[in-house]
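User: I'd like to learn how to read ligand shells, cavities and cores in a model. Could you walk me through one?

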Amino acid sequence: MKTSNYSVLMPAGKNYILYNCRTDVMVQVDNRLAELYQKNETDLERIADAAPDFFEYLSSNGFIVEDDFDEQKQIIDYWKEDDENSEELLVTINPTMNCNLRCWYCYEEHGKKSKMEQSTVDAVISYLQKQVAGGRFKSIALTFFGGEPLLYFSQVVQPILEQIKKIGTDKVNWTLHFTTNATLLTKEIAEYLQPWYPSFQITIDGNEFIHNIVKTMGKNKPGTYRMTIGHIRMLLQMRMKVAIRFNYTAKTLERFIDVLTDLKDFSDEEREYCNVAFFRVWQDKKSDDEKSLEEKLDFLESAFRSAGFHVIGQTTRLVGRCYADRDNSIVINYDGMVYKCTAREFNQKNCEGRLIEDGNIEWNSRYEQRRQVRYCNETCRSCILLALCHGGCSQNKLESPEVGCLMGYSEEDKMDYIRQRIKDIYVEQTKRVEARKRKDQS
Ligand code: SF4
Ligand code: SF4
């Protein structure tokens, strides 16, 4: 047997943490075991003799592997299996590129005439019908994105959902998700959607003052902050899941503490149905004082956690691979053009295909290009972070040079990433233990 190429031993207070980047398992070890491991990485029999239980733990959690086990291949084979997963289809639909708001960081063009025509709605239905009839998929996850998808709720979203009811909601498991600013949400819409058990992603851009500037409905119009919080609460009270996305910049981050004050009277049940995650607005340039920003972020994450909110840690959301890498994931724009990624402009350059009337898709060469790059360049393949970082998503790979670290990380940055990952796992584990304790006590 041999030690894994993906293990890291790090001091942690009086003990050590042993973490494996491939299996994402971490364990705290005392000085004796740390020393035993360190001194005998090439003579594993000594570990087996001196501490058989420890040896057993190491081999069953990927810290020690068989001599002929190819870890890199296992990581990539696992991705391939996931990418080719033929049981779940992910379909993102943009009813429009238009929006009732104009966030400064939004990369979309907000074309006023961009509304999905009936002919495209029909093609979407034909596409979905074909997928269900093909019998390949156990589940179809529909996401309404945009622009603001609720802008054309009754003209686009509702007709699609009504047709799905006719296709048959018992043939596959349909799930429904909305990425929305929530300002157009009404009680009627929420009640209509409730039987679908939909989930929502709703963004808050800072405290009331900041959010009202970023998400303004125009001069002399009321602010959107209170309305958005109210709508989030309405969904939670109706037992629909909400992922609250906190979009921050270096300037706005610390004021999210006011948001916590505003969410404090959410009941335990309401908190159960939501999670929060901090995302830095991509246009916000890194400053010389990134360290203090990280500290503020850590402080806020733990403040929200202590208040009983489920916080998705910074590395946790990056561990899973991107939907754009998966074969069975498509984005249909309002005009019937097909994309793979929702994080770039919906334009000719990024377009990968076209939905035709009969519900088939004609792919173009960009689609094949994406498939070619998705399993990484040589630098990533031999990187300790391969399983965690994947070289980013296929969009990142399409836009990056073919050699070198696609994230621009130094070796020290990689160690910081691992430290952050360990911190996130620790928080998750602590939360699970506390939840178990609470359950046992009740
Ligand atoms: S709410 Fe969303 S779609 Fe609308 S402008 Fe802001 S970021 Fe863009
Ligand atoms: S992008 Fe950089 S950190 Fe990520 S896997 Fe590639 S080499 Fe490693």
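Predicted model: local features only at pLDDT ≥ 70, side-chain atom pairs only at ≥ 80, totals over all residues.

User: By class, how many nonpolar, polar and charged residues does the shell around ligand 2 have?

Analyst: Start by listing the shell, then sort it by class. Around ligand 2 there are eight nonpolar residues, one polar and one charged. The shell is made up of Cys 380, Cys 383, Leu 385, Cys 389, Gly 391, Cys 405, Leu 406, Met 407, Tyr 409 and Lys 414.

User: Which residues surround ligand 1, and how do they divide by class?

Analyst: Ligand 1 has Cys 99, Leu 101, Arg 102, Cys 103, Tyr 105, Cys 106, His 110, Gly 147, Asn 181 and Lys 215 around it. By class, five are nonpolar, three polar and two charged.

User: Now the cavities: how many of 30 Å³ or more does the structure hold?

Analyst: There are two of that size. The largest cavity contains about 90 Å³ of space, and ligand 2 sits in it. Its lining includes Thr 379 and Leu 386, along with Cys 380 and Lys 414.

User: And how should I read the nonpolar cores?

Analyst: The general idea is that nonpolar side chains in soluble globular proteins tend to be buried together. Here, the largest nonpolar core has 72 residues, and Val 91, Leu 128, Leu 142, Ile 160, Leu 161 and Phe 246 have the most contacts inside it. A separate, second core of 25 residues includes Ile 17, Ile 75, Cys 380 and Ile 422.

User: Beyond its neighbours within four places in sequence, which residues is Leu 161 in contact with?

Analyst: Setting those neighbours aside, Leu 161 touches Leu 142, Phe 144, Leu 176, Tyr 192, Leu 193 and Trp 196.

Notes. Residues numbered from 1 in each chain as written. Chains lettered and ligands numbered in written order. Heavy atoms only, no water. Near = heavy atom within 4 Å. 1 Å grid on protein atoms, 1.4 Å probe; cavity = no way out; pocket = protein on both sides within 12 Å on 5 of 7 lines; lining within 4 Å. Sits in = over half its atoms within 2 Å of the grid points. Nonpolar A, V, L, I, M, F, W, Y, C, P; charged D, E, K, R; others polar. Core = buried A, V, L, I, M, F, W, Y, C linked by side-chain atoms within 4.5 Å. Buried < 20%, exposed > 50% of the residue type's maximum accessible area, 1.4 Å probe, protein only. Contact = heavy atoms within 4.5 Å. Points joined across faces, edges and corners; volume = space filled by probe spheres on them.
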